[in-house]
Amino acid sequence: MNHSDNLKKGEKGAWISIITYLCLAIIKLIIAHEGNSDALRADGLNNTTDVIASVAVLIGLKISRKPPDEDHHYGHYRAETIASLFAAFVMMLVGVQVILETFKKMLLDEVSQPNMLTAWTALGAAIIMFLVYLYNVNLARKIQSSSLFAAAQDNRSDALVSIGAFIGITGSQFGLFWLDPLAGLLVGFIICKTAWEIFRDSTHTLTDGFDEKQIKQIKESVKRDPDVKEVVDVKGRIHGNQAFIDITILVDGALNVEQSHNISDRIEEYLYKKHNINHAQIHIEPYK
């Protein structure tokens, strides 16, 4: 299965997230309004941002599947990263809004006991999101999609957020009325934290950042080839979920072009099997 087929399979996980988030957001916001729960309302708003983020991932996956063309020689893989960056901005705006509105209610002492139905809604949503997490994380590992794996981690955090809302609402039933808005406040901070992490990872990728540990691992792998005298340089950059690696090695200067080419092919094949790297540009120089 090639990378394009993997991206297509990843779209299924994105669609499941979108449908689940949309249904839960509508249910939570309606019940939160009727049951007077700040925590469940914040949780519902959190799910609306997740809908936007999942749609962005879906669009990014679709665009990323487009083959290289005249002005995109390396393909369209980074569309997925740009979509994630857009989602981060939307999530941050909603997170700040939740924090400000909850602070306002707490300062004005506009707190009350929510209906217990809101607690059971939050608990049910947590169970559903945990099942979605299990599906997406297994699919992400199967197709080796970092974006879908990140979405799965978001699914898990949403399940934990709903559990937090359940605890806050339940606590308010015993006279601890401040627990419900406090849970809503924590949800707002979690939204902002998630948005920041997505923004940080996206900008790191778009500025050609690459994991230093992985560079060292690749260098050690190339050194194991018996015909490689020295590894001069290893550079890496990320396009969507694809790693593009540039390697300069030294080999016996007496080797002909065909022999040097065979070394290059052997290293490329090894890097794919060992590190799942599809794109490796190997520059060969004579060892002196």
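Helices here are DSSP runs of H or I with at least four residues, strands are DSSP runs of E with at least two, and both are numbered from the N terminus. What you're looking at is a predicted model, where local features need pLDDT of at least 70, side-chain atom pairs count only at pLDDT 80 or more, and totals for chains, interfaces and linings use all residues. Residues are numbered from 1 along each chain as its sequence is written, and side-chain values use heavy atoms, with hydrogens and water left out.

**View 1**
Start with Leu22, which belongs to helix α1 (residues 3–35). Leu22 has a relative accessibility of 43%, so it counts as partly exposed. (Buried is under 20% relative accessible area, exposed is over 50%, and partly exposed is in between, using a 1.4 Å probe and protein chains only.) Now find Asn47: 25 residues separate it from Leu22 in sequence, yet their C-alpha atoms are 7.2 Å apart in space.

Side chains of opposite charge can pair when their charged atoms come close. For a salt bridge, a side-chain nitrogen of Lys or Arg has to be within 4 Å of a carboxyl oxygen of Asp or Glu. Searching the whole structure turns up eight salt bridges. In one of them, Lys28 meets Asp43, with 3.0 Å from N to O. Lys28 sits in helix α1 and Asp43 in helix α2, so this pair ties together parts that are 15 residues apart in sequence. Are these two buried or exposed? Lys28 is buried at 1% relative accessibility, and Asp43 is buried at 0%.

**View 1**
Not counting residues up to four places away in sequence, Asp50 touches Tyr21, Met91, Asp154 and Asp158.

**View 2. Met129 and the residues around it.**
Next up is Met129, in helix α4 (residues 116–143). Its relative accessible area is 1%, so Met129 is buried. Once neighbours within four places in sequence are set aside, Met129 has contacts with Thr20, Tyr21, Leu24, Asn155, Asp158 and Ala159. Look for Ala152 too: it is 23 residues from Met129 along the chain, and the two C-alpha atoms are 9.6 Å apart.

**View 3. Strand β2 and its two partners.**
Two strands pair if DSSP finds at least two bridges between them. Strand β2 (residues 242–252) is mostly covered, with nine of its eleven residues buried. On the β1 side (residues 230–239), nine bridges join the strands, which run antiparallel. If you pick out Gly236, its bridge partner in β2 is Ile245. With β3 (residues 279–287), β2 pairs in the parallel sense, again over nine bridges. There, Asp246 stands opposite Gln281 in β3. To get from β2 to β3, the chain goes through helix α8 (residues 257–275), making a right-handed β-α-β crossover. (Right-handed means that, with the strands pointing away from the viewer, the path from the first strand over the helix to the second runs clockwise.)

Arg266 pairs with Asp225 in a salt bridge, and their closest N and O atoms are 2.8 Å apart. Arg266 is in helix α8, while Asp225 is in the loop between α7 (212–223) and β1, so the pair links parts that are 41 residues apart in sequence. Arg266 is partly exposed at 35%, whereas Asp225 is buried at 10%. Another salt bridge joins Lys235 and Asp233, at 2.2 Å from N to O. Both ends are partly exposed: Lys235 at 49% and Asp233 at 28%. As for networks, salt bridges with shared partners join Asp225, Asp227 and Arg266 into one.

Definitions and conventions:
Contact means heavy atoms within 4.5 Å.
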